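Subject: Handing over the structure

Hi,

Here is the structure I promised to pass on.

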Amino acid sequence: WEVGSKYLFAGNQGQATVAYYDIVRRNIAVADPANPGTTLPVGQQSSHGVELAASYKLTPQWRLDGNLGIVAAQYDDFTENVGGVAVSRAGKRPANVPERVANAWLTFTPNAQWELGADARYVSARFGDTANTYRDRAYTLFGAYASYKLDRKTTLTLRGKNLGDEIYAERVNSASMAYLGAPRTLELSLHTRF
């Protein structure tokens with residue numbers, strides 16, 4: 001279940017949403033962090049948390065947006081086979097589930113054709129195994145973009161991702177194996193509607 005609300009403030013210049021959720025999943029299969037491509041049966045996993053989002057128009061040209069997610073997740077009923085021995089993982093945090101994720105965007109629209117923006121993304125530390133013995137570090141990524149409308153249906157966008165060239169793990173599988181995130185990347189895209 002989930003409950004939430006939306007607010008308008010500062011003469012409708014800003015809006016915010018807040019939501020609280022509580023989710024219980026039973027008899028599920030989760031990815032085995034130690035063996036990519038395989039799954040583990042879990043009797044029950046639960047999570048509850050808060051999601052916050054806000055947007056505020058600083059001026060007619062400048063807008064600030066952000067969101068924050070905080071989640072407490074755990075295995076409630078999960079017994080793992082470890083070297084032929086049944087080991088309970090009840091109370092442990094699921095692998096690769098961060099406690100906090102936050103995003104912020106600043107957008108500047110000087111006219112109807114141009115839009116410029118910058119963003120930041122924070123992901124808190126995550127466990128890389130079901131026993132919660134290996135913990136990967138948190139990371140923060142920065143990006144920026146410039147977008148130009150060629151006409152009413154076509155937009156050209158230059159986007160820079162991970163501008164700080166941060167070395168980070170998108171997914172952690174163990175103390176010795178991780179899938180690294182993309183390095184500093186530039187993308188040029190053309191978007192059109194028919």
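Let's start with burial: 29% of the 194 residues in the protein chain are buried, where buried means under 20% relative accessible area, exposed means over 50%, and partly exposed is in between (1.4 Å probe, protein chains only). Keep in mind that this is a predicted model, in which local features need pLDDT of at least 70 and side-chain atom pairs count only at pLDDT 80 or more, while totals for chains, interfaces and linings use all residues. Residues are numbered from 1 along each chain as its sequence is written, and side-chain values use heavy atoms, with hydrogens and water left out.

Now the overall build. The protein chain has zero helices and 15 strands; helices (H or I, at least four residues) and strands (E, at least two) are DSSP runs, numbered from the N terminus. Its C-alpha trace spans about 65 × 35 × 35 Å along the principal axes. The radius of gyration is 21 Å, whereas a compact globule of 194 residues would have one near 16 Å. That radius is taken over C-alpha atoms, and the globule rule is 2.2 Å times the number of residues to the power 0.38.

What about contacts, meaning heavy atoms within 4.5 Å? Of those between residues at least 6 apart in sequence, 49% join residues at least 24 apart.

Ser55 sits in strand β3 (residues 39-57). Why does Ser55 count as buried? Because its relative accessibility is 14%. Its side chain makes a polar contact of 2.6 Å with the side chain of Asp65. A polar contact is a pair of N or O atoms within 3.5 Å; within protein, one must be able to donate a hydrogen and the other to accept it, and residues adjacent in sequence count only if both atoms are side-chain atoms. Beyond its neighbours within four places in sequence, Ser55 also touches other residues, including Phe9, Gln13 and Arg63.

Glu80 belongs to strand β5 (residues 79-82) and is buried too, at 13% relative accessible area. Setting aside residues up to four places away in sequence, Glu80 touches Leu40, Val85, Ala86, Val87, Arg89 and Thr130.

Tyr122, in strand β8 (residues 114-123), is partly exposed because its relative accessible area is 28%. Leaving out neighbours within four places in sequence, its contacts include Arg100, Ala138 and Tyr139.

Cheers

Technical notes
Contact means heavy atoms within 4.5 Å.
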